[in-house]
Amino acid sequence: MPRRFDEPSYRRLFAVVEAKGGSTPADQTDAFEQLILYSKNMYAVQHNRRLLWGITACGAVVKACLFGPNFMLASTEMDLGSEEGRSELVRLIVYWSFCELDKLGYDPSVRFNREHGCMEIDVAPPGNGDGTGKQTFYSCEVITVAERVFGRHTRCFIAHRDPASAIERVKVAKSGIIIKDAWPEAAEHAKDDDRDEARYLRKIHEELPGDRYDGMYPEFLEGGRVHLGNEDTTQQQLNEHAEREGEQMALRVHKRIAMKGIGKPLKTISSCLELIIVVADVMSCHSGIVEHCNILHRDISTANILARDTADGIGGMLIDFDMAVDVDRKGNAVRTERTGTYPFMSVGNLEGSPHNRTALDDWESLLYILCWLGTYGWNTATSRTDIGDLHIKKWEEGSMENIAYEKRQHLDSARHFAIIPDEFNRDIPGIGPLQRLVKVLRKILIDEHKDDDLKGALLKDPEDDVDLNDDVFLKPSPEPKVVIDPFKNRAEKWKEISQSLLGVLNMAAKSAKRILSESRSNQLQKTI
């Protein structure tokens with residue numbers, strides 16, 4: 001379809017100008033909102049964008065805006081009715097005309113190769129402080145785009161080591177290389193960075209034993225922090241434009257890594273039985289990484305669980321270790337980023353609990369994911385139209401504290417929780433086993449504990465010895481007591497509980513594989 005004359009081509013834009021006839025505060029607010037919307041679209045299609053420039057023009061008042069991964073800066077007003085204001089605008093345009101590409105917001109380490117018609121992406125070897133010794137990869141396929149104005153701006157490319165393979169779009173299985181480009185929060189110095197995905201992937205590859213987990217996680221090839229002369233960070237960006245603002249913001253560092261291992265999104269799964277097999281693989285890998293590498297993933301979500309082809313049919317893959325932490329690191333809950341997607345976040349993460357995170361937080365997230373997919377589906381074939389007033393909607397509405405409260409209520413007892421699986425989409429193939437599975441997982445996580453302080457999900461007051469003969473008016477007020485939080489108390493038993501959860505999930509996956517195998521055999525016999 002031909003593009004309309006007035007439709008902006010976001011792929012070719014350098015900066016957006018949003019003009020309003022009036023100059024009232026409402027006009028200026030509206031102009032900024034439109035600029036943010038345009039910027040989101042530009043990030044999504046310009047895969048070499050680090051920063052975005054924009055201009056608002058409200059009446060005779062002009063402001064220049066700069067968008068970064070976690071900031072938006074606006075200049076002082078340039079009044080075009082005055083000579084000084086016009087001079088400032090001219091100086092800005094001249095600056096844009098003569099400054100380097102990186103100052104314009106582009107990433108010179110991601111280029112379009114006109115001769116071959118593909119992107120060139122530079123990836124530096126691990127540990128190179130100056131970014132030298134780079135490897136150049138070639139890509140014509142982007143599988144993840146930066147869809148938000150602020151955040152990690154994660155982009156993923158299917159890559160090849162030679163341009164011919166990229167142009168011919170050689171099958172993914174033959175390439176197997178993914179390049180991930182992102183802006184996660186990080187420490188200023190690489191040696192102090194305790195949330196470095198490249199470091200964790202290297203450690204996993206070195207310490208996870210045998211071939212048991214092959215294909216269940218990405219294999220690190222090379223990469224690390226991006227250098228464009230200097231290390232590419234939000235602090236560096238702000239120092240060039242407004243140094244003081246950077247002191248109040250969490251530092252984000254531009255990182256790029258090449259990995260081997262390709263999976264498929266969950267939308268490719270055809271039944272609940274396949275879903276159970278995929279998540280069992282993922283949590284087996286998760287448990288192996290915790291046990292052998294002391295690494296906790298901390299961001300179990302639908303985006304980070306992939307399906308993959310195996311000799312037996314289907315398996316699972318766990319990706320994205322940007323939020324991972326060392327299990328034994330004290331204070332591993334301390335993050336300026338609340339990790340995860342609201343419906344899938346554990347109660348501890350939602351409430352910002354200061355207590356250390358454990359594998360149980362990730363298992364809790366898996367339980368929410370299975371409930372979510374059982375209710376809403378994961379692709380067009382499994383989606384539902386009769387959404388109505390489902391109880392699970394409370395897991396995404398309101399503040400994080402309100403969502404945590406609703407989750408505590410639902411998890412607290414089998415009776416309260418039953419409302420959730422009872423609302424699963426009955427039209428999804430194999431929904432019955434999934435309903436039973438989530439009930440068993442909740443029971444192991446919440447109920448099956450000898451100590452009453454570990455049971456349930458609601459906060460509890462310690463039992464108070466009350467003497468019926470006491471005069472309530474004469475007895476002094478009791479000292480305040482520490483509230484009992486079952487989630488906190490269960491964290492001390494995370495190893496035993498995790499083993500029980502994995503045992504049940506693996507048993508369910510084994511049954512699912514048997515049923516699928518029998519189904520395939522029956523279909524084959526019918527064809528014969």
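How are helix 8 and helix 14 oriented to each other? Before answering, keep in mind that what you're looking at is a predicted model. Two packed helices are described by the angle between their axes and the distance between those axes. For helix 8 and helix 14 (residues 431–447), the axes cross at roughly 40 degrees and come within 8 Å. Angles from 65 to 115 degrees count as roughly perpendicular, and under 35 as roughly parallel, so helix 8 and helix 14 are oblique to each other. On the helix 8 side, the touching residues are C272, L273, L275 and I276, and helix 14 brings in I431, P433, L434 and L437. Sort that contact by class and you get eight nonpolar residues, with no polar and no charged ones.

Now look at another partner of helix 8 (residues 272–293), namely helix 10 (residues 359–376): here the axes are 12 Å apart and the angle is about 170 degrees. That angle makes the two helices roughly antiparallel. Helix 8 makes this contact through L275, V279, M283, H286 and S287, while helix 10 uses A359, D362, W363, L366, L370 and L373.

Next stop: helix 11 (residues 400–411). Its 12 residues reach 16 Å from the first C-alpha to the last, close to the 16 Å expected at 1.5 Å a residue. Its buried residues are M400, I403, A404, E406, K407, R408, H410 and L411. And what covers them? Among the covering parts are helix 9 (347–351), helix 10, helix 12 (414–417), helix 13 (419–422), helix 14 and helix 15 (486–490).

The whole structure holds six aromatic pairs. One of them is Y10 with Y38, a tilted pair at 6.3 Å centre to centre with 35 degrees between the planes. Y10 sits in the segment before strand 1 (15–20) and Y38 in helix 1 (residues 25–45), so this pair ties together parts that are 28 residues apart in sequence. Both Y10 and Y38 are buried.

W372 and Y376 also make a tilted pair, at 4.7 Å centre to centre and 50 degrees between the planes. These two are four residues apart in helix 10, which means about one helical turn separates them. An α-helix has 3.6 residues a turn, so residues three or four places apart point the same way. W372 counts as buried because its relative accessibility is 14%, and Y376 counts as buried at 15%. Elsewhere, ring pairs link F14, W53 and W96 into a cluster.

Methods: Residues numbered from 1 in each chain as written. Predicted model: local features only at pLDDT ≥ 70, side-chain atom pairs only at ≥ 80, totals over all residues. Heavy atoms only, no water. Axes fitted to C-alpha atoms, helices over the stretch in contact; angles between N-to-C directions. Parallel < 35°, antiparallel > 145°, perpendicular 65-115°, else oblique. Contact = heavy atoms within 4.5 Å. Nonpolar A, V, L, I, M, F, W, Y, C, P; charged D, E, K, R; others polar. Expected span 1.5 Å × (residues − 1). Buried < 20%, exposed > 50% of the residue type's maximum accessible area, 1.4 Å probe, protein only. Phe/Tyr/Trp six-rings, centres within 6.5 Å; stacked < 30°, edge-to-face > 60°.
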